[in-house]
Amino acid sequence: MPEEAVKEIKVDRKHRKIGNIAPELADRCYTCGTCAGGCPATGLVPGWDPRKAIRAIVLGMEQEVIDSKWPWVCTLCGRCQYQCPMGIQLMRTFRACRTARERDKVPGPIHKGTMMNLQRGNNLGIPRDDFLFLLAELGVEMENDEEQPTPGFYVPVDKEGANIIVTINSKEPFGEPDDMKFWWKIFYAAKEDWTVSSTNWEGVNWGLFSGDDESMKEQVGRVIENARRLKAKTILYPE
Amino acid sequence: MVSIFDLLAEYIKEGRIKLNTHKFHETYTVHDPCNYVRKSQISFGDNYGELSRWVAQQCIDPSLYREMCEDYMNNLCCGAGGGAWAMPYDKERWAYGSMKADQIKNTGAEIVIAPCHNCRDQIMKDLPKHCDMGTNYKETLYLWELVSLCLDFEPWNEAEIEAGHAARDAQFERDGVELDEEE
């Protein structure tokens, strides 16, 4: 072998962004391939699979993983992490790769939606008045439904002291409003004492997926804050 | 904090809701959302694989149930998890989803129960269009949608209706909600 082809790989563990989260994240890997073999995303991004991504991080090539599509095509399903014989936290590692991506390079709407949520209380920016009107209107519609009327029903908003406070997936008021009635009908039948907050009611936490820990915590904090403000006993998060 | 599985099971076990088990006569299977099963086990040491199947089987005769994955801790993701439903990688999502479609096809089930918003969208809206779901597949329902459709309930009594209307009117006034006259 000609001498110039032999390159020493220097691993700079001190300055790694991802591998330093916890030492066990990548360095224990024996490259057995359990992760890659069981991963449904193996083969979907040329050049990458979970084992190679972990290997790249071990060898100090973490920026290449961060810049690749891999951490985003991976659905963070956790099969690899669940089966890894060395206990490497692959799912957590790939999410950390998402965190390390510059925010304006996060694919799709999940970062913009997260920012929208911080500003307006839900990922799609639905205004409070529109939301309240929609709930009121749908409530009346459900009450007077021809096939299965629910006399006395309405959507309790900002009701104090309820047993259950429920979050809402913004796609429903936005595009599939009738789907909210599935839960409402169950509450009606069970005679549940429940409520919805008029603000910050979003149940979809895109910060979890965009790798934005601060926004994720902020949103969870708001859900808890709503429950405290309204003195609700239990939070139901129907995601 | 309560999960949808705990709450639905509580309503059923305590008799707070009654279910009509003769509403559906189709074969059905239950998908395991990663967040409620595997990742719940990893993060909290417990999961909803069993309870999810139990709730579904309170709605439709268990003899019509078709298992998708005996080992539910290792069931496959729907293919749209981790935000992938919203991401611009459609081809990858469909290729990933084809493995879920295969599982569904192999069960021979007509109805797929999805206890997660995201999984339901992928299985209901994308997989039938872009993957082979087999000839038996008919529809996908949220777990709570299935429960809701099977509900067997009596309308509230006069006093309860009156109390509901009074609370509603007070709330509408407080929030400035004005609806057109009810027809």
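**The sheet of chain B**

Begin with chain B of this predicted model and select its three strands, which form an open sheet in the order 1-2-3 with parallel pairing. At the edges lie strand 1 (28-30) and strand 3 (139-142) of chain B, each of which pairs on one side only. From one strand to the next, the twist averages 25°.

Next, display strand 1 of chain B together with strand 2 (residues 111-114) of chain B; the two run parallel and are joined by three bridges. Which residue of strand 2 is the bridge partner of B:T29? Selecting B:V112 shows that partner.

**Chain B as a whole**

Now colour chain B by secondary structure. Seven helices and three strands make up the chain, and along the sequence they follow the pattern α-β-α-α-α-β-α-β-α-α. Taken along the principal axes, the C-alpha atoms of chain B fill a box of roughly 55 × 40 × 35 Å.

**Helix 3 of chain B and its partners**

Two packed helices are described by the angle between their axes and the distance between the axes. Select helix 1 (residues 4-13) of chain B and helix 3 (residues 49-59) of chain B: they pack at an angle of about 40°, and their axes are 10 Å apart. Helix 1 of chain B is therefore oblique to helix 3 of chain B. The crossing of these two helices is left-handed. To view the contact, show the side chains of B:F5, B:L8, B:A9 and B:I12 in helix 1 of chain B, which meet B:L51, B:S52, B:W54, B:V55 and B:Q58 in helix 3 of chain B. By class, the residues of this contact are seven nonpolar, two polar and no charged.

Helix 3 of chain B passes helix 6 of chain B in a left-handed crossing. On the side of helix 3 of chain B, the contact involves B:S52, B:V55, B:A56 and B:C59; these meet B:L143, B:L146, B:V147 and B:C150 of helix 6 of chain B.

**The contact between the chains**

Select both chains and display the contact, which takes 47 residues from chain A and 52 residues from chain B. On the chain A side, the elements that each supply at least two residues are helix 4 (70-73), helix 5 (79-83), helix 8 (128-143), helix 10 (180-190), helix 11 (206-210) and strand 3 (234-236). Which of the elements of chain A gives the largest share of this side? Helix 10 of chain A does, with six residues. The side of chain A that touches chain B has 32 nonpolar, 10 polar and five charged residues.

Finally, select the three strands of chain A, an open sheet with the order 2-1-3 and parallel pairing. Strand 2 (194-195) and strand 3 of chain A are the edge strands, each pairing on one side only. Two bridges join strand 1 (residues 164-166) of chain A to strand 2 of chain A, and these strands run parallel. To end the tour, select A:I165 and its bridge partner in strand 2 of chain A, A:T195.

Terms used
Residues numbered from 1 in each chain as written. Chains lettered and ligands numbered in written order. Predicted model: local features only at pLDDT ≥ 70, side-chain atom pairs only at ≥ 80, totals over all residues. Contact = placed C-beta atoms within 7 Å. Helix = DSSP H or I, 4+ residues; strand = E, 2+ residues; numbered from the N terminus. Nonpolar A, V, L, I, M, F, W, Y, C, P; charged D, E, K, R; others polar. Pairing = 2+ DSSP bridges. Axes fitted to C-alpha atoms, helices over the stretch in contact; angles between N-to-C directions. Parallel < 35°, antiparallel > 145°, perpendicular 65-115°, else oblique. Left-handed = near helix turned anticlockwise from the far one by under 90°.
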